[in-house]
Amino acid sequence: MPSTVILEKKQAQVAALAERIKGSIAGVVVDYKGINVEDDTKLRKELREAGVEYTVVKNTILKRAAEAAELEGLDPILEGTTAIATSADDYVASARILQKYADGHDNFSLKSGYLDGEVIDLAKLQALAKLPSREVLLATVCSVFNAPIAAFARGVQAIVDKGGVEACEKAEAPAEEAAAETAEAPAEEAAAE
């Protein structure tokens with residue numbers, strides 16, 4: 001039977017992890033076996049820079065924390081070595097970074113994950129990992145919004161380059177007269193016959 005001190009320490013770990021899960025919008029559970037210290041340090045640095053909290057955790061503690069956070073469906077994957085990465089403000093950062101790392105290391109693999117309190121399967125997690133970063137998505141949206149404005153500005157600049165509105169009107173007048181004469185010529189020929 002564990003001592004009271006150890007039991008209290010484990011209960012505090014479960015409570016802290018449960019709060020972390022509740023406070024995050026996305027999380028990824030991985031099997032980290034076969035990772036060396038140097039690679040682990042690089043991985044943790046990249047996750048930290050992206051605002052992702054990464055922790056190696058015992059399966060029983062993660063199971064109890066998931067139950068306390070009302071996150072159902074993690075039980076089947078809680079075997080072997082386990083670590084959890086959580087993000088409070090980015091849906092794809094943890095999945096993207098960990099999937100990239102798993103692609104380069106045979107023993108490191110993603111187990112499962114969750115989004116907004118719902119457990120997702122490995123296929124959805126891998127699809128999520130393929131999404132571009134938030135910054136890239138925002139840049140894409142901005143360029144889409146900017147395109148009509150840029151086209152209008154190019155059109156206005158073309159008018160200015162031709163000498164202004166008056167020059168454009170003068171250039172259109174002979175073209176309109178030529179078009180009118182061309183349309184009248186076949187009508188006159190048909191009337192003459």
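1. Start with helices α2 and α4, which are roughly antiparallel to each other. This is a predicted model, and in it the axes of α2 (residues 37–49) and α4 come within 10 Å and cross at roughly 160°. An angle over 145 degrees counts as roughly antiparallel, so the label follows from the crossing angle. The way α2 passes α4 is a right-handed crossing.

2. Which residues make that contact? From α2 come D39, D40, L43, E46 and L47, and from α4 come S94, I97, L98, K100 and Y101. Sorted by class, the residues joining α2 and α4 are five nonpolar, one polar and four charged.

3. Helix α4 (residues 93–104) also packs against α5, at an angle of about 95° and with the axes 8 Å apart. That angle makes α4 roughly perpendicular to α5. On the α4 side you will find A95, R96 and Q99, which meet L125, Q126, L128 and A129 of α5. Here the contact of α4 with α5 holds four nonpolar residues, two polar ones and one charged one.

4. Now look at the other helix pair, α1 (residues 4–22) and α3 (residues 59–68). Their axes come within 8 Å and cross at roughly 55°, which makes α1 oblique to α3. The crossing of α1 and α3 is right-handed. Q13, V14, L17, A18, I21 and K22 of α1 make the contact with I61, L62, R64, A65, A66 and A68 of α3. The class count for α1 with α3 is nine nonpolar, one polar and two charged residues.

5. Next comes the sheet. It is an open sheet of five strands, in the order β2-β3-β1-β4-β5, with antiparallel pairing. From one strand to the next, the twist averages 20°.

6. Let us follow one end of that sheet. β4 (residues 109–115) and β5 pair in the antiparallel sense over three bridges.

7. Where does the chain come back to meet D116? Leaving aside neighbours within four places in sequence, D116 is in contact with I25 and Y91. The C-alpha atoms of D116 and G27 are separated by 9.0 Å, although these residues are 89 residues apart along the chain.

8. Finally, a word on confidence. The protein chain has a mean pLDDT of 83, and 83% of its residues reach 70 or more. Which parts of the chain have the lowest and the highest confidence? The lowest is helix α7 (residues 165–192), with a mean of 59, while the highest is β2, at 93. Please keep both values in mind when you look at the model.

Key: Residues numbered from 1 in each chain as written. Predicted model: local features only at pLDDT ≥ 70, side-chain atom pairs only at ≥ 80, totals over all residues. Heavy atoms only, no water. Axes fitted to C-alpha atoms, helices over the stretch in contact; angles between N-to-C directions. Helix = DSSP H or I, 4+ residues; strand = E, 2+ residues; numbered from the N terminus. Parallel < 35°, antiparallel > 145°, perpendicular 65-115°, else oblique. Left-handed = near helix turned anticlockwise from the far one by under 90°. Contact = heavy atoms within 4.5 Å. Nonpolar A, V, L, I, M, F, W, Y, C, P; charged D, E, K, R; others polar. Pairing = 2+ DSSP bridges. pLDDT = per-residue confidence, 0-100.
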